[in-house]
Amino acid sequence: MDAVNALLIPIFDLQLLGLIALGTFAGIYVGAIPGLSVTMAVSILISFTFTWEVYPALALMIGIYMGGVYGGSRTAILLNIPGAPSAIATALDGFPMAQQGKAGEAIGIVTVVSFIGGFIGIFALALFAPSLADFAIRFQPRDYFLLGVLGILLVGSLSGESLVKGIFSGALGIAIGSVGMDPLTFTERFTFEISGLRAGVSFVAVMIGMFGISEGLMQLHTVNTAAVKQTIGRIVPSWAQVRKHLPLGLQTSSIGTVIGALPGTGGDIAALMAYDHAKRVTKNPEVPFGKGAIEGLVAPETANNAAVGGAFIPMLTLGIPGDAVTAIMIGALFIHGLNPGPLLMTSQPDMFWFIVSSLMLANCFMLIFGLTGIRLFVKIVELPRTVLLPVILLLSIVGAYAVNNSLTDVYWMLGFGVFGYFMKLYGYPLGPVILGVILSRLLDDNWRRAIISDQESLWMLLKGTLASPLSLVLFAAVILIFLSKTPLWGLVFRRKTAA
Amino acid sequence: MMMKSVIGAVVALSLSALPALAEYPEKEIQGIIQWGAGGSTDTVARAITPRAEAVLGGKIVMQNVTGGVGAIGLNQVADADADGYTVLFGAENPLLYKVMKLGDKDYSDFIPINIIARGVPILVANVDAPFNTFPEMVAYINANPKAVKFGSTGPGGLPSVVTAMINAKTPLDVTFIPYDGDGPALTALQGGAIHVMPAVLGAAIEGIKGGTMKPIALFDVEASPQLPDVPTIVSTNPEFADVLPWGPFFGVFVKEGTPDDVVAKLTAAYAEGAKHPDFVSLIDGRGFKMLSLSGEEAETFLNGWQSTTSWLIHDAGLTKASPEEFGIPKP
Amino acid sequence: MQTKQPRRPGELVFNLAMVLGSLFLLWSAYGISGFEALSAPGAVPMVTTAAMLVCAVLIFRESLRKGASTDETVARDILPLPILVTIAAVAAYALLLRPLGFLPTSFLFLTGLIYYLGRYSLLRAALLSALIVLIIFLIFRIVFTVLMPPGIVPEAEILAWFRGLFAGRGA
């Protein structure tokens, strides 16, 4: 009964309802603009909502979070610049669709599947939070490492024509991710005695450079051709279309929820893994992946929004943040005199149901705001390139600067932009670089933890892996996916038949 | 057009002609937080600042400038003008930069506005660990060398200092698993990836109350009011008394050379902010000890802390340079 | 074996640079901790840079086999003037941001590029730029309190003056 009451709080309080709507609306823009992140917006809100009651403050933050995760897809589709890391996979098929004049359709689908993904994440939070948290916390360093390996196998999906170039790019990304002072031992890596490199290379600077700047430079080749005329047909996808992709969406939402619930992994990894999953299970996409496949939009966008509900699972049941945003929200709860921890669910069940209900409302507002104004957004792509390109470049610079208030990051962005431009010219895929940067810490840190735990012995590590059901499943998945990708296998096989 | 430029010139002149400090703060103040959003330093800085703003009558725009174990943020404030418009919110780490070769600046290049609070270290263990007290733990470790996994963070962090304290008194043969902060390490502790973790009380308090981790010993000379049943280390092992009380801290700083009246205004504002009942209950609730030190007292605190800690970790072989090189006296 | 696409101008140089770059990074990774332990901070970097080197060598060998392209030139297809100008403009932006400040630098950058690329009239380019810079400034500086370098514009004072104006009216 109490739960029902708490669920109804935000629905019947106009002020709370308004704040959730406002937050979601603002969140979409925060997410869409590269350089503005949800993490940043929520931490600003901590000072801003300081004197408020805890409910309104949380309502606003939850709105921003939900809207922000979705918003990243906007710029990914329209400009090929993911507004946030979790929208990287969305750009892979979203931008080709925009280039074919189907930006409106792409945004419509993304909005609806984001809603579905968000809903499933919240559903899992509401019903299975304690057991999912219990599962998530059991992940050992070894399991995180295997998860990272599983992630890096995605290079195969992101490589395009040349696998060797893809592996090169992925390895380069991992190396870029390890630049700076190693956070575990404070050893300097790839810093070349330059003090500016100690803090490492900002991931967002690499992302904006590789996507924003290099894409901008690439488009300069065709600056004087007319912009792609957008055909604005149906924006809300048909029920038949939604139903067709629903099975995939449900699978990828589950992936998103679990990866979101794991402390230390979030929507970015969830989206990429979901994309890979889609590529594996979709046997005959109508349009090939990378050329505008709908499945390539459905998978990452359901997963990253499902990860939102997932991230709240360990936060609300154990006081352990599921990602950077929930970490800040824990701080906010402390400031408002609450003590998020294992006792929160029993001592303040209202808080749990209030958050569930607010997330649900934010998810609905996201659907409404997402589907309105698409026509206006699509016009952006139709702007003359000679105006659009300078604006994209300016936004990229400002975005790279704003992440850490650092001019060094702007130089990095430019450097990686020019480098990325050459890579594109000579057929190196850029996706694996970003993948490598994202997974670098996950792989490296957990590899070291795992091998130290097993007294530096590979044999003991393998024994441990085979003895734990969870590790065994992950290990088997790594092997199976590696074989199913069959690049090596196929090569060997083909050579044999040729000989 | 003419009129406009005249007005512009007048505005510009009057702005520059105004005695810059007559009405400090006459513009927004930049607050640089050394650590990332959501951490202890960040939470405390963002909680106290609105209270201080009210007293100060100005706006402080907070931003997190992270990286290099906090050195990036510190240097940014050190490079700004000493006019009180750039304020640093920092933790204890800079006092070890010199011996860790992480930078050539520390708080001696700054004026402390307020040393807000101090954390209390606590040793916590996984609930299934086969020991409940410090002596039991030592006995277990001695019987099973290398089998117990301790969580650690980089050299100079709280876990490394507490471990150095323990090793100085009773050397332990354990395996150290490195984490990048006590948050992730405590998560791993609950999942069983590590068995024991020296952490700050604030990060462990809710887990202890909720029974997801168990306290071994509080590294302080008196019990915590939040957890009165947790034994202090000195109650079982009195030899620790000479290095305690010790704890990480956070404070507000401005660059050396900032005018006295600006320092006085900021000091008064933060001292007042620290008294606010809501802030006091936040500090208590997270298991910190309120200090609110400024001026002479703060300087003494900083110097004492630097001397104790530098030598402790130097003797444990964790430093890259001797504290002697920088004239840090032995405690 | 593979498709015999012709080699693009500069491709050989770029691929060679990747080989040398990987070699340098591998050497640097070795310098982190050598072959100290499987858990050493240099272990993963050494594996990744070694993978880079192997791939780079394979790629370079592959590109040696391709025939040189005849109809593409560096000046037209790889680095035409607009791209060089744009790269220079971004670099100039980064250089000028601190001394000049966000507002003037962004305005000059946008006006210059729009004028150069689009052959708009200077006035139209300037007006358009002013509008866009203002919007970006409002979103980043006012709404999200991201501090861009103020440079020669006394931003904080002007904002404080505005706030004073509103506060004064409110009181």
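This is a predicted model: local features need pLDDT of at least 70, side-chain atom pairs count only at pLDDT 80 or more; totals for chains, interfaces and linings use all residues.
Reader: Why is Asp182(B) called buried?

Author: A residue counts as buried if 20 or more other C-beta atoms lie within 10 Å of its own, and Asp182(B) has 28 other C-beta atoms within 10 Å, so Asp182(B) is buried. Asp182(B) is placed in helix α7 (residues 182-191) of chain B.

Reader: What makes a residue a contact of Asp182(B), and which residues does Asp182(B) touch, not counting residues up to four places away in sequence?

Author: Two residues are in contact if their C-beta atoms lie within 7 Å, and with residues up to four places away in sequence left out, Asp182(B) touches Thr153(B), Leu158(B), Pro159(B), Ala199(B), Val200(B) and Ala203(B). As for Pro155(B), which is 27 residues from Asp182(B) along the chain, the C-alpha atoms of the two are separated by 13 Å.

Reader: What makes up the contact between domain 1 and domain 2 of chain B?

Author: Chain B is divided into domain 1 (29-118 + 248-326) and domain 2 (121-243), with 26 Å between their centres, taken over C-alpha atoms. The contact takes 15 residues from domain 1 of chain B and 16 residues from domain 2 of chain B. On the domain 1 side, helix α12 (residues 295-315) of chain B gives the most, with 5 residues, and by class that side has 8 nonpolar, 5 polar and 2 charged residues.

Reader: How many residues does chain C bring to its contact with chain A, and into which classes do they divide?

Author: Chain C and chain A each bring 48 residues to the contact. Helices α1 (11-33), α2 (43-65), α4 (81-100), α5 (102-118) and α6 (122-143) of chain C each supply at least two residues of the chain C side, which divides into 36 nonpolar, 9 polar and 3 charged residues.

Notes:
Residues are numbered from 1 along each chain as its sequence is written. Chains are lettered from A and ligands numbered from 1 in the order in which they are written. Domain bounds come from an automatic or database domain assignment. Helices (H or I, at least four residues) and strands (E, at least two) are DSSP runs, numbered from the N terminus. Ala, Val, Leu, Ile, Met, Phe, Trp, Tyr, Cys and Pro count as nonpolar, Asp, Glu, Lys and Arg as charged, and the others, Gly among them, as polar. A residue is buried if 20 or more other C-beta atoms lie within 10 Å of its own, exposed if 12 or fewer, and partly exposed in between; C-beta atoms are placed from the backbone.
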